[in-house]
Every structure is written in structure tokens, then in C-alpha cells.
Amino acid sequence: MSESTREVVAGSSDVEDALALDSMFQEPEDFCQPAQEAKTVVFERQPELMDQGEEEGSRKVRLSLLGSHPLWGHHLWNAAKTFANYLDSHKDIVQGKSVLELGAAGALPSLISAMNGATRVVITDYPDPDLVGNIKTTVALNMPQKLEDGSVVVDGFKWGYEVGRIGKLSPDGCGTFDVLILCDLVFNHSEHNRLLSSVSQLMKKPGTNGSAGGEAYVFFTHHRPWLADKDMRFIERAREELGLEVTRVVEEYTGVMFEEDPGDERVRGTVHGFRLAYPVA
């Protein structure tokens with residue numbers, strides 16, 4: 001979060017407006033200013049979670065991060081790192097599956113999905129050339145062949161809009177995906193409607209023959225502890241409005257993302273992970 005945003009959150013009673021993406025999607029004044037120089041960070045996978053046959057080079061995942069960005073795409077979020085480890089320890093989630101990540105930023109979970117055998121990985125973020133281009137750079141750093149053969153696709157996606165276009169990127173253009181990934185997105189309370197709509201339309205539905213539907217993994221931290229209930233409304237609405245079964249799969253303290261932010265550090269430093277899925281018939 002930018003310093004100006006933190007000041008508004010700390011000092012305003014209308015905290016929703018302070019971090020609402022509705023206003024951000026209108027492009028803040030500094031949106032078109034030249035971005036600071038990008039940097040490369042390395043995420044090291046846990047060796048004990050990797051298959052013996054995996055190449056040693058895949059242990060270190062190189063991620064290109066923008067120097068700054070008004071939509072926070074320049075951070076490697078703790079939720080993404082935690083979910084990456086979770087995927088490495090539960091490879092069956094993505095093996096032989098199609099995967100769609102929303103609001104990917106550093107795209108770490110998408111890369112781990114591809115490394116663990118996903119057949120098609122579609123990585124999306126807000127359709128800004130800097131964000132989308134940077135994700136393509138990250139993919140090229142780690143698996144350029146998958147970018148070339150189309151098994152990994154990078155595209156812009158404004159949640160709730162042009163859902164059909166994103167659906168056509170699924171295998172055989174079927175319109176839906178087996179696994180959806182949402183890491184550290186639910187603090188954007190103004191976007192819950194569009195996120196839920198995107199999940200509803202893009203997650204595979206159960207088959208009439210009893211085949212299982214898709215699943216969504218929602219990992220996040222309560223960066224603003226006083227708004228934790230509003231963060232959780234996304235999970236509650238997924239259950240109430242979409243009819244999805246909700247299972248908590250992770251609750252792990254990782255440390256805070258922003259040391260100077262207000263609020264209980266234990267709350268701000270804990271990653272929560274949920275699996276959303278259609279009920280089994």
C-alpha cells in the first residue's frame with residue numbers, strides 16, 4: 001500500500017473508500033507515470049515438498065516484480081507464498097487440471113501449478129500493459145517453452161467483464177476451469193460482487209453424470225484487522241449465494257507484510273486459506 005493510502009486508512013472513518021478498487025479502476029493520477037525499475041526476487045521451494053524427479057533448477061523460482069504500481073502488483077504477497085507451499089504439498093489439486101489465477105501480480109501460484117503438472121494455466125491481472133508484460137517476463141524467466149506452446153497463457157482481466165473471453169482460454173474453449181486461484185484479493189471489498197461473479201461463471205460446474213465440479217482456493221491475510229469481518233464476507237457470500245461448500249485448509253502465521261501499518265500484528269501476519277467447491281452429489 002502506498003504511504004498516502006495508509007494515511008487515509010489510518011485517519012479516515014470511510015476506510016472502504018480508502019482502498020476501494022472502484023476508484024482505482026478510474027486510474028489514479030499517477031497511474032501513467034513511469035514505473036520504477038522492476039526487480040527480480042527468488043522464491044525457494046521447500047525441497048522436501050518437491051518430487052524427486054523434478055529438475056534442480058525448478059527449486060528457485062525467479063519472479064519479476066514492478067518497482068511500484070498503484071494496484072499493488074509490485075508485491076510478492078505472503079498469501080501467494082503460503083499457497084505455493086500448499087500446492088507443492090498437494091500436487092493432485094492441479095495435476096492434469098486447468099488453472100486460472102485472478103489478480104496474479106507476481107504469479108507465483110500459477111508457476112507452481114505449471115511445475116506440478118497443470119495442463120493449462122491462465123494467469124490474469126488488471127489489463128495494464130506494465131502488469132501483464134511483467135507477468136510474461138516472469139513466465140519467460142522460468143518456463144519460456146510453456147509460454148511458447150500455449151500451456152501457460154497471460155492476459156489482462158478486469159473482474160466481472162469479458163468473462164466469456166477469459167473462458168475461451170480454457171482447454172478446448174469450454175469456458176470454465178478446474179481450479180481458480182485468488183490470493184490476497186478479498187481485502188478489495190468493493191470488488192466482491194465482481195469477484196464472486198467471475199468465480200461463478202469461470203469455475204467448472206458439476207456434471208449431470210455426477211462428475212465433480214471445479215474448486216477455488218482463496219488465501220488472504222487480514223491486513224486491516226478492524227475490517228476482518230468484511231474480508232470474511234466474501235467467504236460467507238460464496239457459501240450463501242453461490243452454494244459452495246467452504247473448507248478452511250490453512251491458518252498459518254507468516255509475519256506481517258507492512259511493519260508500519262496499524263493493527264494487531266498477529267492478525268496482520270496470519271494467512272488464512274479456504275477451499276470453495278460445489279457439493280458432491
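Colleague: Where is the place of Asp-172 in this chain?

Modeller: Asp-172 belongs to the loop between helix 8 (163-167) and strand 6. Helices (H or I, at least four residues) and strands (E, at least two) are DSSP runs, numbered from the N terminus. The model is predicted: local features need pLDDT of at least 70 and side-chain atom pairs count only at pLDDT 80 or more, whereas totals for chains, interfaces and linings use all residues. Residues are numbered from 1 along each chain as its sequence is written, and side-chain values use heavy atoms, with hydrogens and water left out.

Colleague: Why is Asp-172 called exposed?

Modeller: The relative accessible area of Asp-172 is 85%. Exposed means over 50%, buried under 20% and partly exposed in between (1.4 Å probe, protein chains only), so Asp-172 is exposed. Its phi is positive, about 60 degrees, although the residue is not a glycine.

Colleague: Is Ala-105 buried or exposed, and what makes it so?

Modeller: Ala-105 has a relative accessible area of 8%, which is under 20%, and therefore counts as buried. Ala-105 sits in the loop between strand 3 and helix 5 (108-115). Its phi, near 55 degrees, is a positive value in a residue other than glycine.

Colleague: Why does Val-94 count as buried, and which residues does it touch?

Modeller: Val-94 has 0% relative accessibility and is therefore buried. The residue lies in the loop between helix 4 (78-89) and strand 3. Contact means heavy atoms within 4.5 Å; not counting residues up to four places away in sequence, Val-94 touches Leu-87, Val-99, Ser-113, Asn-116, Gly-117 and Ala-118. Ala-114 is 20 residues from Val-94 in sequence, with 8.1 Å between their C-alpha atoms.

Colleague: How do you know that the span of helix 10 is close to the expected one?

Modeller: Helix 10 (residues 228-242) has 15 residues and reaches 21 Å from its first C-alpha to its last. The expected span is 1.5 Å times one less than the number of residues, which also comes to 21 Å.

Colleague: At which residue does helix 10 bend, and how is that known?

Modeller: Helix 10 bends by about 30 degrees at Glu-236. This bend is the angle between axes fitted to the seven residues ending there and the seven starting there. Just after the helix, Gly-243 takes a positive phi of about 70 degrees.

Colleague: Which residues of helix 10 are buried, and what do they pack against?

Modeller: The buried residues are Ala-228, Asp-231, Met-232, Phe-234, Ile-235, Arg-237 and Ala-238. They pack against strand 6 (179-183), helix 9 (192-202), strand 7 (215-221), strand 8 (245-253) and strand 9 (270-277).

Colleague: What makes strand 5 and strand 8 edge strands?

Modeller: The open sheet has 7 strands in the order 5-4-3-6-7-9-8, with mixed pairing. Strand 5 (152-156) and strand 8 each pair on one side only. Neighbouring strands are turned by 15 degrees against each other on average, direction ignored.

Colleague: How do you know that strand 7 and strand 9 pair?

Modeller: Two strands pair if DSSP finds at least two bridges between them. Strand 7 and strand 9 share 7 bridges in the antiparallel sense and therefore pair. In strand 9, Leu-276 is the bridge partner of Ala-216.

Colleague: How does helix 9 run relative to strand 6?

Modeller: Helix 9 lies across strand 3 (98-102) and strand 6, at about 165 degrees to strand 6. Axes are lines fitted to C-alpha atoms, for helices over the stretch in contact, and angles run from 0 to 180 degrees between N-to-C directions.
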